[in-house]
Amino acid sequence: MLKPPITRMGGKSKLRKTIIEMIPEHTCYVELFFGAGWVYFGKESSKVEVINDIDKELINLFRMIKYHAPEIERILEYDFSGRNIFDEYKNATIEHLTEIHRATRYLYLTSQSFAGKGGHYGYGTTTRPSPQIFYKDALQSLKERLRNTYVENLSFEKIIKKYDRPNTFFFCDPPYWETAGYLNKFDEKEHLILRNMLKNLQGKFLLTINDHEKVREWYEGFNFKEVEVNYSVSKEKKARGKYKELIITNYNT
């Protein structure tokens, strides 16, 4: 199993083994909300694979790793963890950067910020900063994994319409219901659009989401698997601990 190059809110590091074991037979594998890509980087390659996210900078990162991983590593080779460097990257005007430099900027900010959010420089009183951001060839295995994958930056609606076939499997990890911290708006309207499209799917889907009465109401009639996940990344101690989540499918596992 490969490790993603970034951390991301809602990442599936703790659930990916369970999810991978539940993936049905398919020809085309599609991720609607890619994020860090824990499941994709953990599973065996499918004949056809599609990764998608609405976050333009996130998708640019993976597209540049796919085509220009050595150049990203070269740029970051002599960078180190420091507040001044972090602020320079953060305050850079994206429109003035090449796609490779945008990817480098994104990678630095997510790797050096609290919880990978890129907003504030991450530091601590019990751990030391890493002497290097990335070591030589660290991205090469990810580049190879991405080589035969379609990398998309579209809405989930467009991706479903483009790739839905009887032999397609969709892994769906949308923003959790009534959970703060996501960059892009995803309210009840968006959740219901997703639910309705999944309800009429030709292919199969597996969806992960927080266990909430509203969610159970939306997906009544589908298959539910209850799981508990321990979350420890939070500034507030009361927000850490075990949380109940649901794995929802339109097929028997």
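Select Trp38 to start: this residue sits in helix α2, residues 38-42. Helices are DSSP runs of H or I with at least four residues, strands are runs of E with at least two, and both are numbered from the N terminus. The model is predicted: local features need pLDDT of at least 70, side-chain atom pairs count only at pLDDT 80 or more, and totals for chains, interfaces and linings use all residues. Residues are numbered from 1 along each chain as its sequence is written, and side-chain values use heavy atoms, with hydrogens and water left out.

**Stop 1: around Trp38**

Trp38 counts as buried because its relative accessibility is 17%. Buried means under 20% relative accessible area, exposed over 50%, partly exposed in between, with a 1.4 Å probe and protein chains only. Now show the contacts of Trp38, leaving out residues up to four places away in sequence: Lys3, Pro4, Gly11, Lys12, Ser13 and Arg16. Contact means heavy atoms within 4.5 Å.

**Stop 2: Lys43**

Move to the loop between α2 and β2 and pick Lys43. At 8% relative accessibility, Lys43 is buried. Its side chain makes a polar contact with the side chain of Ser46, at 2.8 Å. Such a contact is a pair of N or O atoms within 3.5 Å; within protein, one must be able to donate a hydrogen and the other to accept it, and residues adjacent in sequence count only if both atoms are side-chain atoms. Beyond four places in sequence, Lys43 touches Ile20, Ile23, Tyr29, Glu49 and Arg145.

**Stop 3: the largest nonpolar core**

Select Ile6, Phe62, Ile65, Ile72 and Leu206: of the 44 residues in the largest nonpolar core, these touch the most other members. A nonpolar core is a set of buried Ala, Val, Leu, Ile, Met, Phe, Trp, Tyr and Cys residues joined through side-chain atoms within 4.5 Å. Helix α3 gives the most to this core, with 10 residues. Zoom in on Ile72: leaving aside neighbours within four places in sequence, Ile72 contacts Met64, Ile65, Ile100, Ala103, Thr104, Leu107 and Leu139.

**Stop 4: helix α7**

Finish at α7, residues 156-163, where Phe156, Ile159, Ile160 and Tyr163 are buried. They lie on the same side of α7 because they cover an arc of only 100° around the axis. The arc is taken from the directions from the helix axis to the C-beta atoms. Color β1 (28-31), β2 (48-52), β3 (149-152), β4 (168-172) and α8 (188-199): the buried residues of α7 pack against these elements.
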